[in-house]
Amino acid sequence: MNVHDSEKMSGILKGEGYIEVDSAQDADLVIFNTCSIRQKAEQKFYSELGRIKELKKRKPGLTIAVAGCIAQQEGKNILKRVPYVDHVMGPQNIHMVRDILKSNINRIAIDDNPLIADTELPVERKDEVRAWINIMYECNNFCSYCIVPYTRGRERSRPSSAILSEIKGLAEKGYVEVTLLGQNVNSYASDISFPQLLKAVDKIEGIRRVRFVTSHPKDLSDDLIAAIRDCEKVCKHIHLPLQSGSTKILSLMNRKYEYNDYVHKVNKIRKEIPKIAITSDIIAGFPDETVEDHRLTIKALHDIEFDGIFAFHYSVRVGTSAATMLGQLEDSIKLSRLNEILEVQNDISERKNKALLNTLQEILLETPNEKDPQKMSGRTQTNKTVSISLNGKHRTLKPGDLLNVRIIKANRHSLDGIIEEGPN
Ligand code: SAM
Ligand code: SF4
């Protein structure tokens with residue numbers, strides 16, 4: 001979401017005559033687009049901000065702006081705490097980048113923006129074949145650990161006509177893969193439902209792959225499963241964050257499903273779409289998580305066998321309801337549980353990757369390998385990264401090509417392959 005917000009700010013600034021440079025030393029304007037989902041992201045920002053202080057001393061004309069979730073959270077406190085910051089913009093106000101930079105009075109833009117879903121902004125995309133598309137903004141779920149509903153605000157869905165016309169425009173420019181973005185795409189609520197939107201995107205000529213993130217398990221419907229199954233271009237991969245294998249912890253997290261509901265949905269998905277890849281998010285060491293709750297998460301990993309997970313240790317976010325819960329755990333406990341989760345999952349991911357050895361996979365070529373011109377990297381429909389040997393024969397291949405690739409080596413987090421046929 002943040003990467004795409006940055007692409008929009010770049011689009012607006014390009015229209016104002018700005019050009020991108022490689023290093024802050026050469027810039028007249030530096031914007032930090034910040035994330036506050038976990039403490040580590042915040043710390044990273046503050047240390048980057050500290051580093052730019054010297055540059056500002058040497059270059060007093062340099063303008064420094066802070067955008068994103070930390071900007072929203074801290075508001076004018078940032079200007080007080082860090083006097084060399086010139087402007088502050090929350091995630092709902094990136095459209096203000098043009099005005100705010102011109103004005104000496106209005107240095108802070110953090111108001112609620114009810115028009116966010118109806119405002120079309122120019123986008124300067126970093127990739128030439130794959131594109132992010134917002135279908136909705138922000139979140140209403142208030143999971144008890146999560147800062148997003150406080151920093152990004154209330155959920156708002158874009159009209160389907162705007163989404164479809166943006167994707168048609170992208171297809172005309174040569175984009176072949178789109179990823180539909182929302183904190184919970186399953187609660188997309190506009191003139192049509194999310195499964196209907198997927199079906200409409202599936203029909204757009206020129207687009208060859210459709211992905212979406214993220215699906216909240218509580219809102220995953222049979223209609224969505226059927227749409228993934230039936231739409232040819234919709235990739236057979238779903239990211240479905242479980243967070244914990246303990247129903248007690250899920251309830252404390254305010255996730256609004258029980259562990260058994262989650263398993264029931266996974267079973268349904270796998271029955272309808274046997275080859276689908278399922279990935280997930282897990283939080284280790286949530287308040288009041290006992291050894292037994294942690295065991296239930298480990299058991300869940302063994303029972304469900306995700307293709308991959310993103311796992312994090314619980315990070316206290318001030319302002320969320322979990323921050324004041326009793327039973328906060330020591331960092332050492334959270335970290336040792338996280339390590340165990342990662343170890344268990346690494347073995348499962350490796351085993352699942354090994355099962356793909358010698359199979360033929362359809363790969364969308366993405367990036368040339370900078371170190372080895374004989375290789376390019378791409379992704380399977382199921383979102384697994386494959387390093388592909390070109391063997392000198394395929395100099396004409398380019399990002400966006402679809403190839404049939406034979407998997408010859410399976411690693412923990414990636415695959416190696418050789419081209420069998422294509423581009424298709
Ligand atoms: N809306 C999406 C969802 O619910 O899956 C993504 C939200 S968030 C950007 C991505 C992941 O960060 C969450 O699924 C959760 O596992 C993790 N996360 C959020 N807040 C966290 C916190 N306070 N501590 C640790 N992990 C957190
Ligand atoms: Fe955060 Fe939950 Fe919303 Fe995801 S669904 S952004 S975890 S509050």
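**Around the ligands**

Ligand 1 is surrounded by 15 residues, and the closest are Gln183, Pro241, Gln243, Asp281 and Ser315. A residue belongs to such a shell if one of its heavy atoms lies within 4 Å of the molecule. This is a predicted model: local features need pLDDT of at least 70, side-chain atom pairs count only at pLDDT 80 or more, and totals for chains, interfaces and linings use all residues. Residues are numbered from 1 along each chain as its sequence is written, chains are lettered from A and ligands numbered from 1 in the order in which they are written, and side-chain values use heavy atoms, with hydrogens and water left out.

Now the polar contacts of ligand 1 (pairs of N or O atoms within 3.5 Å). A polar side-chain atom of Asp281 sits 2.6 Å from an oxygen atom of the ligand. The backbone takes part too. A polar backbone atom of Gln183 is 2.7 Å from a nitrogen atom of ligand 1. For Ser315, a polar backbone atom is 2.8 Å from a nitrogen atom of ligand 1. On its own, ligand 1 has 560 Å² of accessible area, and the protein covers 88% of this (Shrake-Rupley method, 1.4 Å probe).

Two strands (DSSP runs of E, at least two residues, numbered from the N terminus) stand out in this shell. β11 (277-284) and β12 (308-313) each supply at least two of its residues.

**Into the core**

The largest nonpolar core has 65 residues. Such a core is a set of buried Ala, Val, Leu, Ile, Met, Phe, Trp, Tyr and Cys residues joined through side-chain atoms within 4.5 Å. Buried means under 20% relative accessible area, exposed over 50%, and partly exposed in between (1.4 Å probe, protein chains only). Leu180, Phe194 and Leu198 have the most contacts inside this core. Helix α7 (residues 160-172) gives the most to it, with five residues (a helix is a DSSP run of H or I, at least four residues).

Leu198 reaches well along the sequence. Leaving aside neighbours within four places, Leu198 is in contact (heavy atoms within 4.5 Å) with Leu180, Val210, Phe212, Leu224, Ala227, Ile228, Cys231 and Val234. Apart from this core lies another, of 18 residues, among them Ala27, Phe32, Ile78 and Tyr84.

Note on methods. Polar contact = N/O pair within 3.5 Å; in protein donor to acceptor, adjacent residues only side chain to side chain.
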